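Here's a quick briefing to read alongside the model. Have the sequence and the 3D view open as you go.

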Amino acid sequence: MIDFPVVQLNSASQLLLQFDDFSFDSRDYMYILSHCNADWTISELHSTEFVNGFSDNYIQDYQFSFNTKVSYVHYELLLPNQDIQLTKSGNYILTVYDSENPDRALMTKRFMVYDNLLSIQAKVQQATLAEGRFTDHEIDIIVNLNNVKYVNPIRDVHLSIYQGHRWDNVIKNLTPSFIEQKRLVYDFEEESSFEGGNEYRFFDTKSLRFLTERVQEIITDSVDIVLLYPDYPWANQAYGFYPDIEGYYKPNILEKSDPSIEADYVWVNFCLKQNVFIDEGDLYIYGGLTNWTLTEDSRLNYDTRLGCYETSLLLKQGYYNYTYLFLSDKTQTSSQMPVDGNFHQTSQNYLIFVYVYDYDFGYDRLLGIQRLSSKGMF
């Protein structure tokens, strides 16, 4: 996946879900959609109110892996499709399950559907407050409601700001700093600011015959093992720009033509050369390769023999971005500060979503989005 999961209502655009199942046989996987409120709680809409078609459908597009050490079945799903069309804007959760065990979800994915009925003016700038002047990004926003009907803009309009694809640090529940007729102005010094973070790290496993970028050694086994060069903390270094793909990844393979079924899975070993953190907490690999979540598999353990934090992930061949996030036991908030630092020059993508409550149908309509980037601004 290389973009944020959002699609315009009644457009020709589609979202693509791809996943692999480590199995020798295909399974009867099905999916169902749930409509959500702006805060991602399930809305009160019945499925017939937000989709045309059957509420539960089979995933019918699949292929078997070819000439790989790790066997798998590759599944793909496009939304909307001929079986299901979306009729309401808002937040959605897609749930995939096995038809033989419908009560157990195999995976859930979030996505948004928007209707472009209002306009958003926004800018990202260096933080105003002295404390975050050289580490944070400040987002200033003006929402033009145009001809959108509402009762109380303070209560009925909901704003969410995402830093890239990160679900863990979204800013929401902001009250406008002031209102001008049908313009809502969000102009804050701290409430709408993000830690700038640093650029994403990267590695390349498109080939298992040659040592590609950031690969130190390849160990041939029943499942091949890729040892990356050790990483070192960037927090105490000067900021340095290099292009990244904003934390995403792209499956790929050099020696073959179809990475969806011909790319193999390999164990990728990560090593961060770092003394044990003084603060209590856990260190994680983070990015598209961990599905933008802090999971037990992505948590690094300290190896006193190697003098580094270490873990391994089973990943499909391709080009990957990643970063390290530290989750403090005290604050329960994730930060790059202990590892890679925060710099206002960092290139970050931001997405702004504006919801307006619909009293006729009782749900949060997603009526506008805005994308902006800090790339090249500082």
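## A buried tryptophan and its contacts

The side chains of tryptophan 292 and histidine 165 are joined by a polar contact of 3.4 Å (a pair of N or O atoms within 3.5 Å; within protein, one must be able to donate a hydrogen and the other to accept it, and residues adjacent in sequence count only if both atoms are side-chain atoms). Bear in mind that this is a predicted model: local features need pLDDT of at least 70, side-chain atom pairs count only at pLDDT 80 or more, and totals for chains, interfaces and linings use all residues. Residues are numbered from 1 along each chain as its sequence is written, and side-chain values use heavy atoms, with hydrogens and water left out.

**Tryptophan 292**
- You'll find tryptophan 292 in the loop between strand 23 (281-286) and strand 24 (299-303); strands here are DSSP runs (E, at least two residues), numbered from the N terminus.
- Its relative accessible area is 5%, so tryptophan 292 is buried (buried means under 20% relative accessible area, exposed over 50%, partly exposed in between, with a 1.4 Å probe and protein chains only).
- Beyond its neighbours within four places in sequence, tryptophan 292 is in contact with His165, Arg166, Trp167, Tyr200, Glu246, Gly247, Tyr248, Tyr286 and Gly287, where contact means heavy atoms within 4.5 Å.
- Tryptophan 292 and aspartate 168 are 124 residues apart along the chain, with 8.4 Å between their C-alpha atoms.

- Arginine 201 sits in strand 18 (residues 201-204), and it counts as buried because its relative accessibility is 3%.
- The side chain of arginine 201 makes a polar contact of 3.3 Å with that of aspartate 231.
- Leaving out neighbours within four places in sequence, the contacts of arginine 201 include Tyr232, Pro233, Trp234, Tyr242 and Asp340.
- Tryptophan 234 belongs to the loop between strand 20 (225-228) and strand 21 (249-251), and at 19% relative accessible area it is buried too.
- With neighbours within four places in sequence set aside, tryptophan 234 is in contact with Asn198, Glu199, Arg201, Tyr242, Val339, Asp340 and Phe343.
- From C-alpha to C-alpha, tryptophan 234 and glutamine 336 are 9.7 Å apart, though 102 residues separate them in sequence.

- Four strands make up an open, antiparallel sheet in the order 14-13-28-29 (two strands pair if DSSP finds at least two bridges between them).
- Strand 14 (171-172) and strand 29 (363-373) are at the edges with a single partner strand each, so one side of each has no neighbour in the sheet.
- Strand 28 (residues 349-358) runs antiparallel to strand 29 and is joined to it by 10 bridges; aspartate 358 stands opposite tyrosine 363 in strand 29.
- Four residues lie between the strands in the hairpin of strand 28 and strand 29, where glycine 362 takes a positive phi near 75 degrees.
- Strand 13 (residues 157-163) is antiparallel to strand 28, with seven bridges between them; isoleucine 161 has isoleucine 352 as its bridge partner in strand 28.
- Strand 28 is mostly covered, with eight of its 10 residues buried.

**Cavity and pocket**
- Both terms use a 1 Å grid over the protein atoms alone: a cavity is a set of points where a 1.4 Å probe fits but cannot get out, a pocket is an open set with protein on both sides within 12 Å along at least five of seven lines, and lining residues have an atom within 4 Å of a point.
- There is one cavity of 30 Å³ or more, and the largest cavity holds about 50 Å³ of space (the space filled by probe spheres set on the grid points, which are joined across faces, edges and corners).
- Gln163, Arg166, Asn198, Tyr200, Tyr286, Thr323, Leu325, Gln336 and Gln348 line the largest cavity.
- The second largest pocket has a volume of about 580 Å³; 24 residues line it, and closest to its centre are Asp136, Glu195, Thr333, Ser334 and Ser335.
- Strand 17 gives the most to the lining of the second largest pocket, at three residues.
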